Amino acid sequence: MNQVLKEEVQGTATILDRTEKSYKKLYLESYGCQMNFSDSEIVASILDKHGYQTTRNFEESNLILLNTCSIREKAESTVRNRLKSFNALKKNNPSLIIGILGCMAERMKESLLEEEKLVDLVVGPDAYRDLPRLLVEVEDGHKSVNVLLSREETYADISPVRLDNNGVSAFISIMRGCDNMCSFCVVPFTRGRERSRNPLSIVAEAKELYKNGYREVTLLGQNVDSYRWNVNKKGEIINNENPTTDFAELLEMVAHVDPNLRIRFSTSHPKDMTDKVLHTMQKYKNICNYIHLPVQSGSSAVLKKMNRGYTREWYLGRIDAIKRIIPGCAISTDIITGFCGETDHEHKETISLMNKVKFDFAYMFFYSERPKTLAQRKFEDDIPLETKKARLQEVIDIQREHSLESNKRQIGNVVEVLVEGPSKKSNDFYCGRNSENTMIVFPKENVKKGDYIFVRIKDCTAATLKGEIVLS
Ligand code: 5AD
Ligand code: SF4
């Protein structure tokens, strides 16, 4: 067994010198939402203190961790296929430890060990602090599981190790879990009850990032609009001696870190998004003009079955508020086609809502039934797969037109861009985003990552704007 880990477990923590030979290699792969990518940075930080250094090459690793997603069946099958690709490696190196983290670990628990023989370790999203102890168990020859959910864990004190990022934008997790119980969604079961993180620790993390050269942070939560500190669910103050903080106030606190630090956030919920948040966005130039506001369906009847807590009219009212308070604000959404019992008319209502709002961008999915969810227990998954897919294709085609229209409107404009680095396609080009979150590609010239520059838009596709740097 690794001596350092053993000592840690026995209570005599040893700080490892990075140059010591006993440093082990961790290969960490993340799937699914931004929250998982952010969690992986917490996992890397916890394990860094326990003798594991990350590597991009799984062949040289001692520990492979897959941070998984359960949101749709496809996400789980991707992980199972990925596991197969480690078969030969494990055969050649039996001491290699393979672990499953995240939502699939939480959903499947011990059964993952039975179904996937390669797996040694199963750890849910609230149990990452226990990883060092669990690894000792595995090294001692036992398979290990911790899927306990917590009402308090926010990992607020853990300073994430930034992985695979561009050094310009980073995620900050502001809350965990979800109390909404949308009927299609597995997240409340895999990520547990909603809890918010201390705002001072969030601001401190943003300041540290800025100091280290980052120029953009995305505040992450399953439903950021229900962020609350020192207030319980009934709206009562928990500790009279301390201030309370809601999401609008948190945004304002982070906006004050530095005018050159851009702030984004995800995800907003239409039933909870207040005008106070919109006014705060409008007040601070460094809070980006972009809101991701998942609608899921344009039909009030479907929304009711989805348990979303709003109607089509309410959603359109929120869109009007955004357009009124923050003119020019980009809006994106999530749409699910073929939910249980969705009629042709209800599907057309989604299309009509899309035509009314003209989203700048959308993530679109066909409904995938998830075990234990309200929908799985209450409704029949009765829309044939071909219909779900045909409806999805229709929605995708319309969205592509809307995205293209939205981008075409930018041609001729000069927009401010935060430079992220070389573009994916060519080293002669650089890329970055405008406040509205559209990717912009431009000839490199004399700029570097983290610079704010002005670009005149000359051309576009549905996904990208192309332009030339304008000297300011
Ligand atoms: N099937 C299809 N899409 C889903 N989403 C969540 N659960 C499901 C499901 N069971 C989508 C929703 C959500 C996004 C993150 O994933 O649109 O907003
Ligand atoms: Fe799932 Fe709804 Fe919570 Fe989003 S708000 S994570 S869709 S339950």
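Begin by selecting Asp179 and Lys233, which form a salt bridge whose closest N and O atoms are 3.3 Å apart; a salt bridge here is a side-chain nitrogen of Lys or Arg within 4 Å of a carboxyl oxygen of Asp or Glu. This pair links distant parts of the chain, with Asp179 in the loop between β8 (175–176) and α8 (187–191) and Lys233 in the loop between β11 (228–229) and β12 (245–246), 54 residues apart. Helices (H or I, at least four residues) and strands (E, at least two) are DSSP runs, numbered from the N terminus. Lys233 is exposed, with a relative accessible area of 55%, where exposed means over 50%, buried under 20% and partly exposed in between (1.4 Å probe, protein chains only).

Before you go on, note that this is a predicted model, in which local features need pLDDT of at least 70 and side-chain atom pairs count only at pLDDT 80 or more, while totals for chains, interfaces and linings use all residues. Residues are numbered from 1 along each chain as its sequence is written, chains are lettered from A and ligands numbered from 1 in the order in which they are written, and side-chain values use heavy atoms, with hydrogens and water left out.

Next, select Glu252 and Lys283, another salt bridge, in which the closest N and O atoms are 2.9 Å apart. Here too the pair links distant parts of the chain, since Glu252 belongs to helix α10 (residues 247–255) and Lys283 to helix α11 (residues 275–283), 31 residues apart. Glu252 is partly exposed at 23% relative accessible area, whereas Lys283, at 55%, counts as exposed.

Are Glu205 and Arg197 buried or exposed? Select them and you will find that both are buried, and that their side chains meet in a salt bridge of 2.6 Å, N to O. Then select Asp39, Asp126, Arg176, Arg191 and Arg195 together, which are linked in a network of salt bridges; the structure holds 40 salt bridges.

Now turn to ligand 1 and select the residues that surround it, among them Phe184, Asp334, Tyr367 and Arg370; a residue is near a molecule if one of its heavy atoms lies within 4 Å of it. Zoom in on Arg72, where a polar side-chain atom lies 3.0 Å from an oxygen atom of the ligand, and on Gln296, where a side-chain N or O atom is 2.6 Å from an oxygen atom of ligand 1. At Ser368, a polar backbone atom is 2.7 Å from a nitrogen atom of ligand 1; a polar contact with a ligand is a pair of N or O atoms within 3.5 Å. The protein covers 87% of the 410 Å² of accessible area that ligand 1 has on its own, as found by the Shrake-Rupley method with a 1.4 Å probe.

Finally, select strand β3 (residues 63–68), which is largely enclosed by the rest of the structure, because six of its six residues are buried. Leu63, Leu65 and Asn67 point one way from β3, while Ile64, Leu66 and Thr68 point the other way.

Key
A polar contact is a pair of N or O atoms within 3.5 Å; within protein, one must be able to donate a hydrogen and the other to accept it, and residues adjacent in sequence count only if both atoms are side-chain atoms.
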